[in-house]
Amino acid sequence: MKKKSFLFALLLFVTLTMNSQNTENKSLKIGAGLGFSHSDNCTGSGTLYSIGYQQNIWKDRLRFNPNLSLGFYKPNFLIGALDQYFNSINLNANLNFDLIRFRRLSLLVYAGGEAGISQGYVSTIGSVNDFHLGVDFGGGIRIDSKSRKTALNVLPFNFRFGYPNFIESYLKLEFDVKL
């Protein structure tokens with residue numbers, strides 16, 4: 001638990017202390033969703049939360065988004081699954097791109113790299129710590145507010161694949177607020 005708290009506090013500190021003359025190109029990104037996670041020793045469904053920073057790179061269409069995501073999983077809805085609970089903690093670095101834009105609505109796609117760990121308890125093994133490196137990608141719809149200071153991202157397609165043997169898929173809503 002101390003590792004998760006430390007990583008979360010570190011990312012939040014770095015995100016909130018970044019200063020510049022022009023803050024219109026920067027935003028805070030917060031998200032929540034429902035998903036499924038599988039690693040070498042753990043399989044389950046549950047909730048996922050993320051917090052990150054976003055920097056505009058090109059014409060407010062291409063954005064860099066480093067973020068931290070935390071998933072909390074159990075073998076809900078899995079028949080015959082072992083008694084287990086686990087967390088997935090991932091550091092991600094994504095490029096988000098508005099592929100097609102019409103007024104305030106756009107088709108958003110993203111891709112990037114990730115590093116993470118699945119930690120928890122499995123009844124037959126005991127304590128589990130599975131480390132992984134991989135890629136993540138996905139897409140959905142981005143809706144900008146009239147002022148363009150906030151945006152809502154509806155992301156039904158999100159996938160992470162890592163080595164060794166890590167898969168995560170989820171539905172997520174994200175909220176962006178320009179700093």
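**The barrel and its ring pairs**

Mentor: Eight strands make a closed barrel in the order S1-S2-S3-S4-S5-S6-S7-S8, with antiparallel pairing. Strands pair here if DSSP finds at least two bridges between them. The twist averages 20 degrees from one strand to the next, with axes as lines fitted to C-alpha atoms and angles running from 0 to 180 degrees between N-to-C directions.

Trainee: What should I know about the model and the numbering?
Mentor: This is a predicted model, where local features need pLDDT of at least 70, side-chain atom pairs count only at pLDDT 80 or more, and totals for chains, interfaces and linings use all residues. Residues are numbered from 1 along each chain as its sequence is written, and side-chain values use heavy atoms, with hydrogens and water left out.

Trainee: How many bridges pair S1 with S8?
Mentor: 12, in the antiparallel sense, with S1 covering residues 26-38. Gly31 has Glu174 in S8 as its bridge partner.

Trainee: And how many join S7 to S8?
Mentor: 11 bridges, and the two run antiparallel. S8 spans residues 166-178. Ala151 has Asp176 as its bridge partner in S8. Two residues separate S7 and S8 in their hairpin, and Asn165 in the turn has a positive phi of about 50 degrees.

Trainee: What about S6 and S7?
Mentor: S6 is residues 126-144, S7 is residues 150-163, and they pair antiparallel over 11 bridges. Val135 has Phe161 in S7 as its bridge partner. Their hairpin has five residues between the strands, and Arg148 there takes a positive phi near 65 degrees.

Trainee: Switching to rings. How many aromatic pairs does the count come to?
Mentor: Five aromatic pairs. Rings of Phe, Tyr and Trp (its six-membered ring) pair if their centres lie within 6.5 Å; planes under 30 degrees apart count as stacked, over 60 as edge-to-face and the rest as tilted. Tyr49 and Phe72 form one of them, tilted, at 6.1 Å centre to centre and 55 degrees between the planes.

Trainee: Which strands hold Tyr49 and Phe72?
Mentor: Tyr49 lies in S2 (residues 43-58) and Phe72 in S3 (residues 62-74), so the pair ties together parts 23 residues apart in sequence.

Trainee: Last one. How much of the whole chain is buried?
Mentor: 41% of the 179 residues count as buried. The chain exposes about 9700 Å², and carbon and sulfur atoms supply 68% of that. Those areas come from the Shrake-Rupley method with a 1.4 Å probe; for residues, only the protein chains shown count as cover.

Technical notes. Helix = DSSP H or I, 4+ residues; strand = E, 2+ residues; numbered from the N terminus. Buried < 20%, exposed > 50% of the residue type's maximum accessible area, 1.4 Å probe, protein only.
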